[in-house]
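User: Can you walk me through this one? I'd like the chains, then a few residues.

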Amino acid sequence: MKKRKWAGTLAVVAAMALYLWINEPQSAYAMHIMEGFLPVGWAIFWWVVFIPFFMLGIRSLRKVTKEAPELKIMLGLAGAFTFVLSALKLPSVTGSSSHPTGTGLGAVMFGPLPMSVLGTIVLLFQAVLLAHGGLTTLGANAFSMAVAGPMAGYAVYVWLMRTTGKQKLAIFFAAALADLATYIVTSAQLALAFPSASGGFAASLMKFGGVFAVTQIPLAISEGLLTVLVWNWLQAY
Amino acid sequence: MIHNILETESVSYTYPGGRKPALDQLTLQIPQAKKTALLGRNGSGKSTLFLQLLGLLRPDQGAMRFRGQPYPDNRRGLRAIREEIGLVFQDPEQQLILNTPREDVSYGLRNAGVPEGEIRDRVREAINAVGLTHAADTPIHALSLGQKKRVALAGVMVMRPRVLLLDEPTAYLDRTSERRLLDELARIHDAEGVTMIMATHDMNLAYEWADHCIVIQDGACVMAGVPGEVFARVAALSDWGLSRPAVLNLWDAIPERLRHGHLAPKALSDLEDWLRHHLA
Amino acid sequence: MIHNILETESVSYTYPGGRKPALDQLTLQIPQAKKTALLGRNGSGKSTLFLQLLGLLRPDQGAMRFRGQPYPDNRRGLRAIREEIGLVFQDPEQQLILNTPREDVSYGLRNAGVPEGEIRDRVREAINAVGLTHAADTPIHALSLGQKKRVALAGVMVMRPRVLLLDEPTAYLDRTSERRLLDELARIHDAEGVTMIMATHDMNLAYEWADHCIVIQDGACVMAGVPGEVFARVAALSDWGLSRPAVLNLWDAIPERLRHGHLAPKALSDLEDWLRHHLA
Amino acid sequence: MILKQIDSYSYGNRLRSLPATAKGGFAASLLLLAYLTGPAVQAAIIAWLYVWTVPRAGISAKFYAVSLGSVLGFYLLSLPALMIEAIPEGAKMAVAANVRLELGGWQLAVTEDSMHLAVRLLFRVLACSSCFLFLILTTPMADLFQVLRKLRVPMLLLEIMQIMYRFLFALLQTASELYTAQRARGGHHGVRSRIADTATLAARLFGRTMSRYDNWTRGLRARGFEDELRLAPSEPGNVPAKLRIEALIGLAIITLTALLLPGGWLS
């Protein structure tokens, strides 16, 4: 009896949420884990993992802004630019639309450590001004989007520049892989928090990975293409 | 009878997050092939109306008609309308997208799928028409404001629109550049019979330029008529937050017996001539 | 003898990457406690001069003096100058820094190390003076352009500067907001004897407002004098790309025998009164 | 746009004048309780915060529902992954399943445990999000900066955030104007043109951002900026006694319930 009631409640809530979601299409920042979603232990764990990277980022920024205080303005503007970029709706190749993260481009332009600080502020602003994401989950979201994404993007960029020397190729993969890394890390975070009863972490990773692959893989390709085009413009400017 | 090319009927619109409506039951008619001035203070809803007429914003309520037909509610229909109605934004920085006048002016044509050969010719012609032949390949950021405004106008006129919406076209221009832009508009109007709607808060300009005036206050149309009618309502003008054209104030200061039988002058320069001839 | 509070001598400046000098051997004097209008077309170098006077750009060549003393070349000296000279930028976005009028207006005081208690009082007073009491805690981005301009003015006036540089203060404002801003400036000038320099290309405004006029063309000073003198040079004005105040053109159109013995009116409204009384 | 709505509520609501630290402390305490309790208490928190946010602060009920609904988007997207177990055919089911479906060589199953998890998660997510929404809908960003400063967030970070916030709206405006202009001129049709137009827009926006950099640096210097952006101190404010008592009593009741209720921490 109890089960049926629960299933009923779930169905009603799901239908209502779906209705609201479809009628007022808030642009989906699909990869932001929402407030309260992670079990408390995991929420704290990801904060702890994230903070050292963040402190390193702050330290690198302190060093440069001490020499040239005007750079703070540049950083603030770069952050605002990243926020606005991530608010643009990007058509993805499957016809749906989603938001670019901009972290790949940012990592190539400013370096991965400064980007980890800017990316975190962008996430905080998205949480406060757009209600996407949250505070308890900020550690997890920042680790996937502001640490793992830029690091992966930057590493790929440096590696491709060194081996092939083809800049556009490197930019494409930096942007696309920054996206993909974010997506994979988020899926792993969810799988760790909610391991499958029968298959454990691995099975759960497949499931979460599969669900988000629908939006995230086309988005990564779109973002790669977009970033190459933006890069071309910036070169011409 | 005057034919109206554009009509709105009780159109209301509130921006998301806005506290009060930008357009509030706005009903108005735009006569075909005339020069209409849209008057109102900053923030009275003039720019919002332009975005509605272009189908870029959708009314929350109310209906709009173009050539007597209701506005389409599909993308293709709206795109067709946007090819017939051109909007010149107040700030050219807002509208110029590509790097040089030549590239930028071709943007709309390319979106409309015009063949490259024809694009080349039409762009050259449009740039020549606004007197920027020598600067066709100069980066836009190196142009002066007056030049940028003319590029923006060329980018719209190259589409051969039947209706031209002008949002404060003379704002920020010095007198020389303003004169030049107005002459260019007069040429377009006379040569091609384009319907023009100019949003402005420069009453001197409106009085001199327009065939028809529409006054907007807080998103509603409070008066429409020929300039002489509108500007005769001295008390109402100040309620609407509008000044009166200087030339009319001066004209009224001249004793009745002297101006008896004369038409009020349109511009200060006309008044100058009048003074020179009739007081001598 | 007029005392000059600011002087420049053969000041030249070219922006990095610029093709021609923005200021070219510019020599001028600003009389103390007067209202000086700085006239010139868009791009003639007016804004650049303001940045120089504030020590934000350094001349490539030439010398500048404040109260007869050469400009300091150290940070501390320049900061002291910036506390005495206030600049209201053309675009208020450029100088508004914090989130609300109350926070923003306090910014300069806090930099100058004024105690918090005094800051609170002076900020309240400055915000009241520009008529924004009701909006003191509204985020700046939600204010209208006219309100932003008034916040910018309050943020400068709260520092009690001795010199006020105004870069096109009325640009983009409708007539009502313009009038309000000008009244506020008049009040400040009369109450505190602040030296004011206004860059503008609105000749009607300059003629009505200024005690002293300086004309700049291509970065050089081509004429300085009282408004009557400057605007008497009809042919030269058009060479400089400037129009003539409408009121003077009209005045000149009135036959000599009628205006004999009368001073030329300053504003169109003065001319209205004159017409009403002397033609009757 | 949701951003403008949230921002305009944050400074235009009826609880705006309460000190941000008080609102922050209240929301944080409830968030903690919501995290650590079960569905019954969470439901009470959801209802109580609805009262604070909608009738009391004056946020429109529709907007509040839409915000919570959009928060649920992520939840819904994860629901299939949370609830459905996929097991190769023939393998033994580790837990009892309520619903079972055979598909190709796999069995798809929804277990009782996963349904419990989904329901518990739903309540927790709604309760936690209510806390967060209460804070962001009633407290402007400027006030939140003051709270962050009290929490000893590094000054450098606050300065960068302040500059970001100041420019956000100007850049968003520019972006939306450019987007409008592109559409007015026939842009953004079809996937290819939309990506190309978005790239152009981003690049233009970057150019504008950089030209603002020069201008704004001058503006800051003109107003005495040397090396640090000095922020305004917070304005003192008071919580009316009635609200303070209600908040404290409510928090006490929820804490006690959490401790004493059957299934609570002490039982």
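User: Start with chain A. How far apart in sequence are the residues that its contacts join?
Analyst: Contact means heavy atoms within 4.5 Å. Among contacts in chain A between residues at least 6 apart in sequence, 72% join residues at least 24 apart.

User: Before we go on, where do the coordinates come from?
Analyst: This is a predicted model: local features need pLDDT of at least 70, side-chain atom pairs count only at pLDDT 80 or more, and totals for chains, interfaces and linings use all residues. Residues are numbered from 1 along each chain as its sequence is written, chains are lettered from A and ligands numbered from 1 in the order written, and side-chain values use heavy atoms, leaving out hydrogens and water.

User: OK. How many helices and strands in chain A?
Analyst: Chain A has 8 helices and 2 strands. Helices (H or I, at least four residues) and strands (E, at least two) are DSSP runs, numbered from the N terminus. Along the sequence the pattern is α-α-α-β-β-α-α-α-α-α.

User: And how much of chain A is buried?
Analyst: Of its 237 residues, 57% are buried. Buried means under 20% relative accessible area, exposed over 50%, and partly exposed in between (1.4 Å probe, protein chains only).

User: What about the surface of chain A?
Analyst: Chain A exposes about 9,300 Å², and carbon and sulfur atoms supply 72% of that. Areas come from the Shrake-Rupley method with a 1.4 Å probe; for residues, only the protein chains shown count as cover.

User: Pick a residue there. Where is A:Leu180?
Analyst: A:Leu180 sits in helix H7 (residues 167-193) of chain A. A:Leu180 counts as partly exposed, because its relative accessible area is 23%.

User: Which residues does A:Leu180 touch?
Analyst: Not counting residues up to four places away in sequence, A:Leu180 touches A:Ile217 and A:Ala220. A:His132 is 48 residues from A:Leu180 along the chain, and their C-alpha atoms are separated by 19 Å.

User: Switching to the assembly. Which chains share the most contacts?
Analyst: Chains A and D, out of 5 pairs of chains in contact. No contact joins chain A and chain C. The closest C-alpha atoms of chains A and C lie 11 Å apart.

User: Then chain D. What's the layout?
Analyst: Chain D has 9 helices and 3 strands. From the N terminus on, the order is α-α-α-α-β-β-β-α-α-α-α-α.

User: How does the radius of gyration of chain D compare with a compact globule?
Analyst: Chain D has 25 Å, while a compact globule of 267 residues would be near 18 Å. The radius is taken over C-alpha atoms, and the globule rule is 2.2 Å times the number of residues to the power 0.38. The C-alpha trace of chain D spans about 70 × 60 × 35 Å along its principal axes.

User: Burial and surface for chain D?
Analyst: Of the 267 residues, 58% count as buried. The accessible surface of chain D is about 10,600 Å², with 63% belonging to carbon and sulfur atoms.

User: Where does UniProt put "transmembrane region" in chain D?
Analyst: The unreviewed UniProt entry places that feature at residues 24-51, 63-84, 121-141 and 247-266 of chain D. UniProt positions are in the numbering used here, feature names are shortened, and annotations may be inferred rather than shown by experiment.

User: What does the model show at those spans?
Analyst: Here are two of the spans. Residues 63-84 of chain D are 95% helix and 5% strand, with end C-alpha atoms 32 Å apart. Residues 121-141 are 90% helix and 0% strand, with end C-alpha atoms 29 Å apart.

User: Is D:Tyr11 buried or exposed?
Analyst: Buried, because D:Tyr11 has 14% relative accessibility. D:Tyr11 lies in helix H1 (residues 2-12) of chain D.

User: What is D:Tyr11 in contact with?
Analyst: Leaving aside neighbours within four places in sequence, the contacts of D:Tyr11 are B:Arg19, C:Thr138, C:Pro139, C:Ala142, D:Arg16 and D:Pro140. D:Ala142 is 131 residues from D:Tyr11 in sequence, and 9.4 Å away in space, C-alpha to C-alpha.

User: Which residues other than glycine have a positive phi?
Analyst: Among them is D:Arg152, at about 65°. D:Arg152 is in the loop between helix H6 (141-150) and helix H7 (155-184) of chain D. D:Arg152 counts as exposed, because its relative accessibility is 73%. Another is C:Ala33, with phi near 65°. C:Ala33 is in the loop between strand S2 (23-31) and strand S3 (35-39) of chain C.
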